[in-house]
Amino acid sequence: MNGIRIYCISERIYHMELHLLSFVRLNDEQIDLLHHASPGCTVVCGRPEQTASVMPDVDILLGYDSQMDIDTFLQQMSKLKWIHTFSAGVEKLMASEDFCRSDILLTNSRGIHGIPMAEHILGTMLASSRRLIEAWENQKNHQWKRLTSPDELYGKTAAVIGLGSIGREVAKHLKNMGMHVVAVKQKETTEPFVDQLLPIAQISEALSCADYVIVTLPLTPETTNMFNQDAFRLMKKNAFFINVSRGAVVNENDLVAALSSGMICGASLDVFAVEPLPEDSPLWDVPNLYITPHYSSVSPMYLERSLKIFRSNLQIFPQRIGMMNVVDKTRGY
């Protein structure tokens with residue numbers, strides 16, 4: 001009898017009724033897979049303004065960090081136990097002191113962005129190196145002109161600043177192009193696609209040797225405004241700067257000055273301090289700058305990859321042991 005009773009209790013725990021609220025619309029197949037991971041769960045999809053009536057019962061919240069008005073939600077979701085963000089960044093959530101002090105679990109989608117972002121970075125580098133935008137402008141004007149000094153990536157040095165899952169994928173792509181890859185990260189690890197790994201204290205060495213500087217850092221108090229006039233002065237005059245991490249890691253005024261003065265030869269930004277980028281921003285007109293509207297991670301596979309992480313975690317929740325992508329609230333990532 002004791003064995004049967006323990007079995008029934010464990011079954012009730014495994015099949016406990018969990019109320020999930022997703023601020024992103026999920027299709028029937030995706031919801032069925034969530035039910036398979038947690039047979040007792042109920043799933044509601046809708047934007048925050050559409051779902052106020054169900055918020056008091058929510059155990060698990062899914063959405064992008066930008067959708068998280070968490071101080072308001074904490075008042076409405078007294079049962080909230082876990083938030084999973086479809087984004088990797090969690091800056092908006094981390095800005096709430098009440099949330100950071102709470103025991104609400106936070107997981108993110110770190111690790112799913114590497115493939116599209118690495119391809120985006122490589123595409124940007126090739127467009128610059130092979131002068132493809134110049135060729136496109138000539139085509140629109142029906143002009144047959146030799147391009148201005150097309151170059152190769154092969155043999156050039158790339159400095160990857162921040163070597164998480166995105167940085168590693170970038171390093172792999174660039175190494176496969178025959179580039180020399182220098183990377184900067186906090187902890188020493190074995191990295192098969194990196195020729196030289198430097199600690200953050202030696203970032204100046206990486207910046208001074210690179211033909212391409214690629215930023216894939218999280219946004220923290222330490223990385224905010226890291227790329228300023230002092231950093232740009234360390235770079236080679238022919239350096240090309242790429243930021244796909246967070247806009248606030250770059251001092252945009254200093255970048256405008258560096259590009260306008262020829263301190264560095266070009267840059268590409270996918271992220272900005274203010275988004276959408278204001279129409280009167282000087283960035284629009286600065287020479288040799290490529291602007292893309294924060295889409296380097298966009299992919300038709302994005303949501304599926306994030307939900308795969310969430311489903312794996314859902315199967316072992318609420319024990320919380322062995323869950324992936326748990327955010328350390330003290331570090332912010």
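Lys and Arg are counted here as positive and Asp and Glu as negative, leaving out His and the chain ends, and each charge is placed at NZ of Lys, CZ of Arg, CG of Asp or CD of Glu. On this basis the chain carries 30 positive and 37 negative side chains, with the centres of the two sets 5 Å apart. The model is predicted, so to speak of local features pLDDT of at least 70 is needed, while side-chain atom pairs count only at pLDDT 80 or more and totals for chains, interfaces and linings use all residues. Residues are numbered from 1 along each chain as its sequence is written, and side-chain values use heavy atoms, without hydrogens and water.

The C-alpha trace spans about 80 × 45 × 35 Å along its principal axes. The chain holds 12 helices and 12 strands (DSSP runs numbered from the N terminus: H or I of at least four residues, and E of at least two). Of the 333 residues, 47% are buried, meaning under 20% relative accessible area with a 1.4 Å probe and protein chains only; exposed is over 50%, and partly exposed lies in between.

Helix H2 (residues 28-37) gives the largest share of the patch, three residues. Glu29 lies in this helix and is exposed, at 58% relative accessible area.
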